Amino acid sequence: MQPRVRSAQLYEEAKRHIVGGVNSPSRSFKAVGGGAPVFMEKAQGAYFWDADGNRYIDYLAAFGPIITGHAHPHVTDAIVRAAQNGTLYGTATELEIVLARKLKEAIPSLDKVRFVNSGTEAVMTTIRVARAATKRTKIVKFAGCYHGHSDLVLVAAGSGPSTLGIPDSAGIPISIASEVITVPFNDTEGLKLALERWGDDVAAVLVEPIVGNFGMVMPKPGFLEDVCRMAREAGALVIYDEVITAFRFHYGTTQTFDAFPDRAAIEPDLTALGKIIGGGLPIGAYGGRRKVMEQVAPLGPAYQAGTMAGNPASVAAGIACLDVLAAPGVYAKMDAQAARLAAGLAESASRHGVPLTINRIVGAFSTHFCDHPVTNYEEAQDTDGEQFARFFREMLERGIYLAPSKYEAWFLTTAHSDEDIDATLEAAEASFKAMAK
Ligand code: PMP
C-alpha cells in the first residue's frame, strides 16, 4: 500500500471548495477517526483504485446501488447508447415504460409508478401522497431508520446524523418535527401505543421493512404483519422504504422475499425505491395501488415533478442492471460468498477475542462490535465504535474498502470472486490479530 499522499493533498484542496471536502457526510471519515478520506480515481468490477494507485476490494458498492460491480459492460453499454441519443429530453420516452413494467412485474403492490431522482425524493413524495390520500398530517417512523434528508424524516433519523453524533438536523422547524412519531423498530407494543394515542391523525406508517441503516436488521416474525394490520386499523397507509432493500436480496422486494410467506399480510400501500433500480446513475421511484397513486398530478391534487426525472441514461442503466440481476444464480452466488465471508469473519474475530455480531441477509451483512444481538437502533448504537474504527483502518491498510460507519453494511456484488473473499478473510485475520495486540 502506497502512502495516500495524493488523497491527503486532494482533501486539503477539496475542503477549500466543497463543504467538509465531501458531497455527502457519509463519505467523510469523521466516524472512523477523521482525517482525509480516500479519493478514488477509478473503479472496475469489485475494485477501486485510489489517487495514489492503491487497489481496494470494494464492499461499499456506493452504499448499495453497485450490485453488478463497477462499470459492468452491459450497464455501461446501455448508458453510452442512451447518452449518444441525448441525455435529457423533458418529454415522455418509451424507455421509461420498460423500466416501469419491470418494476411492476417484480413488485406486486405497484399498479402505477413515478420516477424521481433520488431515494430522498421518493420517500418525501410517498409521504405527500399518503397525506393527500388520508387528509391527515402525522407520520410514524422507526428510530434509526434513515429515509433520506427531507425535513420530515430527518427527525430522530439514524444512519447519517447519528454516525456524526447529532441526533437531529438543525434547520428543521419544531412544527415539522411535531408531525413525526418515532417508535423503536421491532416494537409492536410501542407502535400500538403510538397509534392508540395519535392514530386518528396518522397519514402513514413509514418503515424500512428490512432495515439497512443501522446494520442489516430483519423484522421479528410477525412484526411487518402487525405494522400493516395496525396501520390499517388506524386508517393510515403503510409506506415501505425499499431504497436499499429492493433487488438487494432477490429479484424483487420484501413482499416477495421467501422469508415472508404471507405476502398479502405485508403488502404496503406505497413503496419508495432507488439505488439499484438506477444501475449506478441517479434515480428514485415510488409507486403503489392505482387509487392511491391517482392522487398524483396530473391526475390528482398531490403535486410532484422533476426536470431530470426518468432521464434516458438513468432509466437505461436501471433496465440493464435489472437484466443482469434477472439471470439465474446471481443471488445464490452472492449469498454463498457472503455466507463464507461472514463465517470467516466471525471465526477470526472469535480467535482473537474480539466480540462481533454479524447480521447477514443474502449478499449483505453488517458487523457489530458487541456481544449482543442487534434487532433495533438502541442495540446498534450500543456497539463499540472505536473498535469498528480500528478495524476499518486496519482493513483499509490491507486494501479492503468498507463503509466508514459502524452502522453500514458490507455489500457483495456479482463481480466479487472467490479469490476476493479469500483475500478479504486474510486481511481480516491480520486486522483482528493487530487489534488484539
Ligand atoms: N431511504 C433509505 C432506506 C436509504 O438507505 C437512503 C439512502 N441511504 C435513502 C432513503 C435516501 O436515498 P438517496 O440518498 O438516494 O436520496
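1. Basis. The model is predicted, so local features need pLDDT of at least 70 and side-chain atom pairs count only at pLDDT 80 or more, while totals for chains, interfaces and linings use all residues. Residue numbers start from 1 along each chain as its sequence is written.

2. Domains. Domain 1 comprises 5-71 + 329-436 and domain 2 comprises 73-326; such bounds come from an automatic or database domain assignment. The C-alpha centres of domain 1 and domain 2 are 25 Å apart. Between them, 32 residues of domain 1 are in contact with 35 residues of domain 2 (contact: C-beta atoms, placed from the backbone, within 7 Å).

3. The side of domain 1 that touches domain 2. At least two residues each come from helix 11 (330-351), strand 11 (357-361), strand 12 (364-368) and helix 12 (377-381). Helices (H or I, at least four residues) and strands (E, at least two) are DSSP runs numbered from the N terminus. By class, this side of domain 1 has 18 nonpolar, 11 polar and 3 charged residues. Ala, Val, Leu, Ile, Met, Phe, Trp, Tyr, Cys and Pro count as nonpolar, Asp, Glu, Lys and Arg as charged, and the others, Gly among them, as polar.

4. An open sheet of 7 strands runs in the order 4-10-9-8-7-5-6 with mixed pairing; strands pair if DSSP finds at least two bridges between them. Strand 4 (112-116) and strand 6 (180-183) are the edge strands, each pairing on one side only. Neighbouring strands are turned against each other by 20 degrees on average, direction ignored.

5. Strand 8. Strand 8 (residues 237-241) pairs with strand 9 (residues 270-274) in the parallel sense over 3 bridges. Tyr 240 has Thr 271 of strand 9 as its bridge partner, and Ile 239 has Leu 270. Strand 7 and strand 8 also run parallel, joined by 4 bridges, with Val 205 opposite Val 238 of strand 8. From strand 7 the chain passes through helix 8 (residues 223-233) to strand 8 in a right-handed β-α-β crossover (with the strands pointing away from the viewer, the path from the first strand over the helix to the second runs clockwise).

6. Strand 5. Strand 5 likewise has 5 of its 5 residues buried. Strand 5 runs parallel to strand 7 over 3 bridges, where Lys 138 stands opposite Val 202. Strand 5 is also joined to strand 6 by 4 bridges, again parallel, and Ile 139 has Val 180 of strand 6 as its bridge partner.

7. Helices on the sheet. Helix 7 (residues 188-198) lies across strand 5, strand 6 and strand 7, at about 155 degrees to strand 6. Axes are lines fitted to C-alpha atoms, for helices over the stretch in contact, and angles run from 0 to 180 degrees between N-to-C directions.

Technical notes:
Two residues are in contact if their C-beta atoms, placed from the backbone, lie within 7 Å. A residue is buried if 20 or more other C-beta atoms lie within 10 Å of its own, exposed if 12 or fewer, and partly exposed in between; C-beta atoms are placed from the backbone.
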